[in-house]
Amino acid sequence: ANHAAIATARPALDAATQRHPLFWAAEKEGHTTYFLGTMHLGVDASAQLPAIVWAKLDAARTLAMEADLDDPQIADMLAPTDRSLRRELGEQYWHQLEDALGPGMAAAVDHLPTMVTASALSSRGLPPTPPMDKVLRDRASETRKRLVYLEPATRQLAILRKWLDVRALKLILDELPDAERRAQAMLSAYLAGDDQQLVALADGERDQALHHGYSAAEYERELAEMLYDRNVAWLAAIEGVHAEGGGFVAVGALHLVGPHSVLALLGQRGYRVTRVGP
């Protein structure tokens, strides 16, 4: 069923305003904190997020985000190295990468960390847009809001570097057309505000990983490190923002949907979580 949905889904590439944003309110002890699920690329936030999202952001005193996009240590972690991606991939996969990126771009990423190339290929097929995180942060900065970062950027990149390795890149290259369809389907589900479809699409990646030699234990460990453990680690900072009168939290949409999400964890802690619409 998931594969059929991926094969037929196409993203809405116009700039129509979302009718059902992935937007929630969490209430407890007289305070309200708003949560926006984001997509890092593919959505024109300025044009497509509805007015209610901007109104709640503008009214908040604090914006909490995953990490500081301007952390100077990011550049160090993305700098070229002595390692050769071509050597580590082998000639067969290197030629697949050249076919995907073009020989010039492939040569340009040869000595960059593997996660750079894997991330770029994972986003193929998405419309080129300004990163939502940056658009939201710039809006908050214009109104002099306090910015709270839920984790160090270096920790986020370390997790990506661990799991978006050569093995993962080979999987992406082998499944590139399907990966593009999956990215488009994720975008379509996001724009439709279909949280259940987002969960289903994410769950569908498990079968693909197992088919490519990952064990069930490895896949669950990856999920835990990429999503679940981070959700738990963010709670203290989020509850701190809430205790100070509430705020606005913007994190990747997959952190806000499903049984292990930030919102599910807050519900277990006595918060009343409701979906907010235009």
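Modeller: Let us begin with a term: two residues are in contact when heavy atoms lie within 4.5 Å. Please keep in mind that this model is predicted.

Colleague: Against which elements do the buried residues of α11 pack?

Modeller: They pack against α5 (85-89), α6 (91-101), α8 (114-122), α10 (153-163), α12 (176-192) and α13 (195-211). Helix α11 spans residues 166-174, and its buried residues are V166, A168, L169, L171, I172 and L173.

Colleague: Where does the charged end of R167 sit?

Modeller: The charged end of R167 sits over the ring of Y214, 3.9 Å from the ring's centre.

Colleague: How many aromatic pairs does a search of the whole structure find?

Modeller: The search finds two. Ring planes under 30 degrees apart count as stacked. The planes of F23 and Y34 are at 25°, with centres 5.7 Å apart, so this pair is stacked. The pair links distant parts of the chain, with F23 in strand β1 (residues 23-28) and Y34 in strand β2 (residues 31-38).

Colleague: Is Y34 buried or exposed?

Modeller: Buried means under 20% relative accessible area. Y34 has 17% relative accessibility, so Y34 counts as buried.

Colleague: What is the geometry of the aromatic pair that F23 and F248 form?

Modeller: That pair is tilted, at 5.8 Å centre to centre and 40° between the planes. F248 lies in strand β5 (residues 248-252), 225 residues from F23. Both F23 and F248 are buried.

How values were computed:
Residues numbered from 1 in each chain as written. Predicted model: local features only at pLDDT ≥ 70, side-chain atom pairs only at ≥ 80, totals over all residues. Heavy atoms only, no water. Buried < 20%, exposed > 50% of the residue type's maximum accessible area, 1.4 Å probe, protein only. Helix = DSSP H or I, 4+ residues; strand = E, 2+ residues; numbered from the N terminus. Phe/Tyr/Trp six-rings, centres within 6.5 Å; stacked < 30°, edge-to-face > 60°. Lys NZ or Arg CZ within 6 Å of the ring centre and 35° of its normal.
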